[in-house]
Amino acid sequence: MNHSPENNMAGKRALVTGAGSGIGSATARTFSRAGAKLALLGRTEDELAAVHEEIGGQEAGHHILLADVSSESEMLEAYERVKRFWGSLDIVVANAGVNGVWAPLDKLDVSEWDETLAINLRGTFLTVKLALPLLKKQRGGSVVIVSSINGNRIFSNSGATAYACSKAAQVAFAKMTSLELAKEGIRVNVVCPGSIETSIDDSTERRNISTLHLPVEFPAGEVPLTWGQPGAAEDVADAILFLASDSARHVSGTEIYIDGAQSLLQG
C-alpha cells in the first residue's frame, strides 16, 4: 500500500492560518497539489486572494476566511463558515505568527509582549480549540503547529524574549494536547523552522539589541547543511504535508526541526 503524502491527501479538507504569505502560502500550494481542499485564513485579503487564485480558487473547492487568530469572535465566525461549506475538517495548520518586537527586557513594552503572545500563543490556542468540534466529526484528524527553533533549541537571539517564549509554549501546548486528544484520534505535531526565506523579518522591529548579542561568529554561515543559505518555505511545507497526511498516522506529540542543523550549531 502506497502511503506517500501525495497519494493520501486527495479530498482532505485543511484550514491553514497565516495562509497569505511565507510558510502558510507554501503550505497551501503544497496541499493543493496533493489534492486537498483549502480554507485560507488570514488578515490581509489581497494576499489571500492571490494565493486563492494561484491554487485554483472557488472552482477547485478552496475558500478564503478573513480573521485575526487572536480574536475569539472572528475565529468563531470563521469556523462557522467552515462548518457551513464543509461540515467538518481533516487538517488544521496553525501557522499564523509574528516576530513582534525584539528589544532588551527593560525596553520591551508590556503591550508589545502582549501582542506577540496574543497572536502566536493565544492564536494557536483558539485555532486548535475552536477546530475540535469539526475535527471530532471525522473521528480523527491532524493538527500541525508552526513553532520555531527559537525558544526550543536557540536562546542566543538576544531581545527575542517574547517571541521565544511564545514559540516554546507552542511546543508545550502541542505535547499536552496530543495526549489529551489521542483518544479522539486527533494527532498534534509541531514543526520548528530555522532560517527560512519568508517576509516575516520585514515586519520585525529590533530595538537597542546591538549590545546584547554574544560575540559568536560562524565563518561558514549559520546553516551547516546549505553552507549558510536559509531554507525555503517549501522545505517547511513538505514537512507539514507529511505530518498532516496518513503517512504520519502513528506520529503525535512530536516536533520536527527544519533548519539544516542550524540550531545544533547556534544554540
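Is C165 buried, partly exposed or exposed? I looked this up first. C165 is partly exposed, with a relative accessible area of 37%. I use buried for under 20% relative accessible area, exposed for over 50%, and partly exposed for what lies in between (1.4 Å probe, protein chains only). C192 is buried, at 0%. I then looked for disulfides, meaning a pair of cysteine sulfur atoms within 2.5 Å. The structure holds zero of them.

A note on the source. This is a predicted model, where local features need pLDDT of at least 70 and side-chain atom pairs count only at pLDDT 80 or more, while totals for chains, interfaces and linings use all residues. Residues are numbered from 1 along each chain as its sequence is written, and side-chain values use heavy atoms, with hydrogens and water left out.

Next, the cores. I take a nonpolar core as a set of buried Ala, Val, Leu, Ile, Met, Phe, Trp, Tyr and Cys residues joined through side-chain atoms within 4.5 Å. The largest has 34 residues, and L15, Y79 and L89 have the most contacts inside it. Elements giving two or more residues to this core include β2 (37-42), α3 (72-85) and β7 (186-193). Helices (H or I, at least four residues) and strands (E, at least two) are DSSP runs, numbered from the N terminus. Another core, of 31 residues, lies apart from it, with V146, I240, L243 and I258 among its members.

Contact here means heavy atoms within 4.5 Å. Leaving aside neighbours within four places in sequence, L15 touches Y79, L89 and T127, among others.

Then helix α7 (residues 233-244). Its 12 residues should span 16 Å at 1.5 Å a residue, and its end C-alpha atoms are 16 Å apart, which agrees. The expected span is 1.5 Å times one less than the number of residues. Buried residues of α7 include A233, V236, I240 and L243.

What joins the side chains of R29 and E234? A polar contact of 3.1 Å does. The term covers a pair of N or O atoms within 3.5 Å; within protein, one must be able to donate a hydrogen and the other to accept it, and residues adjacent in sequence count only if both atoms are side-chain atoms. R29 lies in helix α1 (residues 22-33).

Last, strand β3 (residues 63-66). H63 and L65 form its covered face, I64 and L66 the uncovered one. β2 and β3 pair in the parallel sense over four bridges; pairing needs at least two bridges found by DSSP.
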